[in-house]
Amino acid sequence: MRKVIQTNEITKQYGSVRAVNGVTFQVEEGEIFGVVGPNGAGKTTTIECIEGLRKPDSGSVDLLGYVPWKDHLEVAERIGIQLQESALPLRIRVKESLDLFGAFYAEREDSQVLLDRLGLADKSKAMFSKLSGGQKQRLFIALALVNKPQVLFFDELTTGLDPHARRSMWDLVRQIRDQGSTVFLTTHFMEEAERLCDRVLIMDDGKIVALDTPEALIRSLGVERRLVFTIANHFDAQSLSEMPQVDRVEQIGERVVVYGSGERFASSIVRGLETSGVDFSDLRTQDPTLEDVFLSLTGKEIREA
Amino acid sequence: MRGLKELTWINLKLFIREPISTFFTLAFPPLLILLFGAMYGNDPSPMFGGYGSMDVSMSGYTAVILSTVGFMNIPITIGNYRELGVLRRYQASALRPRVFITADVIANMLVTLLGMLLLVLSGWLLYDVRFEGKVLSFVLGVVWSGLALFAFGYLIGSLAPGARAAQVIGMVIFYPMMFLSGATIPMEVLPESIQHIADYLPLTHVVNLLRGLWFGEGWGDNILAVAVLAGILVVSTVFAVRVFRWE
């Protein structure tokens with residue numbers, strides 16, 4: 001696989017705050033690469049150093065063979081950017097903006113194709129100021145795609161969107177990757193990183209905490225799993241802790257959580273409950289998530305961090 | 001200059017869609033003719049060397065259009081674009097900064113010339129105003145004045161953090177100049193003490209140059225005004241380039 005991005009020990013300081021502190025990683029062609037972390041972790045500064053909108057204080061970035069903040073135009077022709085905060089003139093119309101931005105590039109995508117692809121065809125004459133948050137975000141993706149870019153940068157793409165709109169954004173990002181582009185994104189939603197990204201870089205306080213596939217990161221936590229269920233009749237759930245697959249059991253009233261591991265962890269407990277004639281319901285397994293990975297690596301909940 | 005034509009065209013459309021700027025640039029100057037024409041008429045007067053009040057005011061009202069665009073529209077638009085993140089969106093594309101600024105200057109210049117055309121047409125239809133200069137020379141005078149005042153406008157827009165600050169700075173510069181430079185009230189009518197102050201106002205030199213060209217003087221006859229405007233253009237451009245920020 002070809003490397004499209006290589007950063008080497010980049011640092012960036014604002015006043016006395018080290019926003020990015022010695023970050024080194026590489027991104028390969030065709031992957032969805034996500035940087036996750038709480039607000040203030042240095043995600044936006046990192047992405048903007050790679051885009052060339054900022055120059056790091058030290059360290060280097062190689063983007064498609066260019067130095068982004070020096071070779072601005074060569075880079076701009078080959079990448080698409082969705083910024084965390086930006087806008088268009090309030091009275092510009094949707095299709096006008098696509099035609100306008102297309103005119104800035106040598107290579108360009110047909111605006112009607114983009115309108116159809118992003119579900120904006122019926123909004124093509126609408127003014128920017130009249131669009132909903134989700135529609136604006138889709139228009140910004142369309143603008144990022146207008147030059148058929150090799151690498152796409154999405155900074156907090158789904159922040160402020162409702163869960164439904166967020167899911168349809170994920171589908172869009174997957175489609176963009178499937179059509180051959182590399183996607184570099186930042187998010188503070190762990191679920192988004194876990195569901196969407198091929199590889200995840202976890203960032204905190206300007207530093208890399210971990211970098212791997214979501215599955216590998218979760219596996220690295222150890223393999224403790226959880227089985228949760230509700231019991232209707234009296235039953236001392238602690239008796240389950242004698243089973244070999246079970247580490248411990250928590251019981252609060254009718255609600256039971258069993259922690260354990262092993263291939264047949266869930267099925268063996270279910271069989272045990274049935275043998276004992278326990279009437280249980282609402283049974284589900286809870287696997288650890290990236291949220292748990294972040295918690296165990298930094299000691300912080302991402303939401304409060 | 002890729003994208004120049006398209007961005008200029010969009011800027012023109014955006015200008016026309018903004019009712020306030022359209023009013024003050026295109027409709028307000030003919031209204032000045034209606035108002036002041038009703039008050040003073042256009043009879044020849046010894047005070048204006050045998051010309052009428054409207055004859056001598058056409059160049060002043062053109063200066064009003066130029067300063068509306070230069071001190072209000074340009075700084076407010078740039079401040080607004082910075083505040084909202086429009087400039088950042090442009091910065092993150094392949095749009096070259098010099099294309100951005102050239103398109104904006106051309107669009108503002110075209111709007112100014114359109115305003116001037118409507119103004120002169122109204123003056124001609126209502127008061128049969130006398131024009132004794134050369135059309136091309138007068139239009140070039142408007143363009144030259146526009147370059148100087150617009151450059152100053154971009155400087156304000158570069159210094160001001162947002163639209164509101166740009167508006168305040170623009171108004172502080174705009175209003176005194178409107179009344180003290182001979183733009184709305186002919187210089188002959190103003191007291192002598194104010195005429196001395198007027199020499200130091202940039203807009204006075206715009207009014208002088210345009211009035212000279214309007215009545216058939218050459219550029220050489222207005223060398224001071226031409227030079228002052230050149231100075232404003234150069235100094236403002238140098239400073240604006242230094243202090244300009246995308247965000």
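1. Leaving out neighbours within four places in sequence, B:Met58 is in contact with B:Leu119, B:Val120, B:Gly123, B:Val129 and B:Trp214; two residues are in contact if their C-beta atoms, placed from the backbone, lie within 7 Å. B:Trp214 is 156 residues from B:Met58 in sequence, yet their C-alpha atoms are 8.4 Å apart in space. B:Met58 belongs to helix H3 of chain B and is buried, with 25 other C-beta atoms within 10 Å. Here a residue is buried if 20 or more other C-beta atoms lie within 10 Å of its own, exposed if 12 or fewer, and partly exposed in between. Helices (H or I, at least four residues) and strands (E, at least two) are DSSP runs, numbered from the N terminus.

2. A note on the basis of these points. This is a predicted model, in which local features need pLDDT of at least 70 and side-chain atom pairs count only at pLDDT 80 or more, while totals for chains, interfaces and linings use all residues. Residues are numbered from 1 along each chain as its sequence is written, and chains are lettered from A and ligands numbered from 1 in the order in which they are written.

3. The largest nonpolar core has 135 residues, and A:Ala142, A:Val183, A:Phe184 and B:Val206 touch the most other members. Such a core is a set of buried Ala, Val, Leu, Ile, Met, Phe, Trp, Tyr and Cys residues joined through C-beta atoms within 7 Å. Helix H3 of chain B (residues 53-84) gives the most to this core, 14 residues. Another core, of 9 residues, lies apart from it and includes A:Val249, A:Phe265, A:Ile269 and A:Leu273. Not counting residues up to four places away in sequence, A:Ala142 touches A:Leu98, A:Leu114, A:Leu118 and A:Leu120.

4. The contact between the chains takes 22 residues from chain A and 18 residues from chain B. On the side of chain A that touches chain B, helix H2 (72-78) and helix H3 (94-102) of chain A each supply at least two residues. The largest share of that side, 4 residues, comes from H3(A). Its residues divide into 14 nonpolar, 2 polar and 6 charged, where Ala, Val, Leu, Ile, Met, Phe, Trp, Tyr, Cys and Pro count as nonpolar, Asp, Glu, Lys and Arg as charged, and the others, Gly among them, as polar.

5. Helix H10 of chain B (residues 223-243) has 21 residues and reaches 30 Å from its first C-alpha to its last, close to the 30 Å expected at 1.5 Å a residue; the expected span is 1.5 Å times one less than the number of residues. Its buried residues are B:Ala225, B:Val226, B:Val228, B:Leu229, B:Ile232, B:Ser236 and B:Ala240. They are on the same side of H10(B), because they cover an arc of only 160° around the axis, taken from the directions from the helix axis to the C-beta atoms. These buried residues pack against helix H6 (135-159) and helix H9 (202-214) of chain B. The face turned away from the buried side carries exposed residues, among them B:Ile223, B:Val234 and B:Arg242.

6. Most residues other than glycine have a negative phi. A:Lys148 has a positive phi, near 45°. A:Lys148 sits in the loop between helix H5 (133-145) and strand S6 (151-155) of chain A and is partly exposed, with 15 other C-beta atoms within 10 Å.
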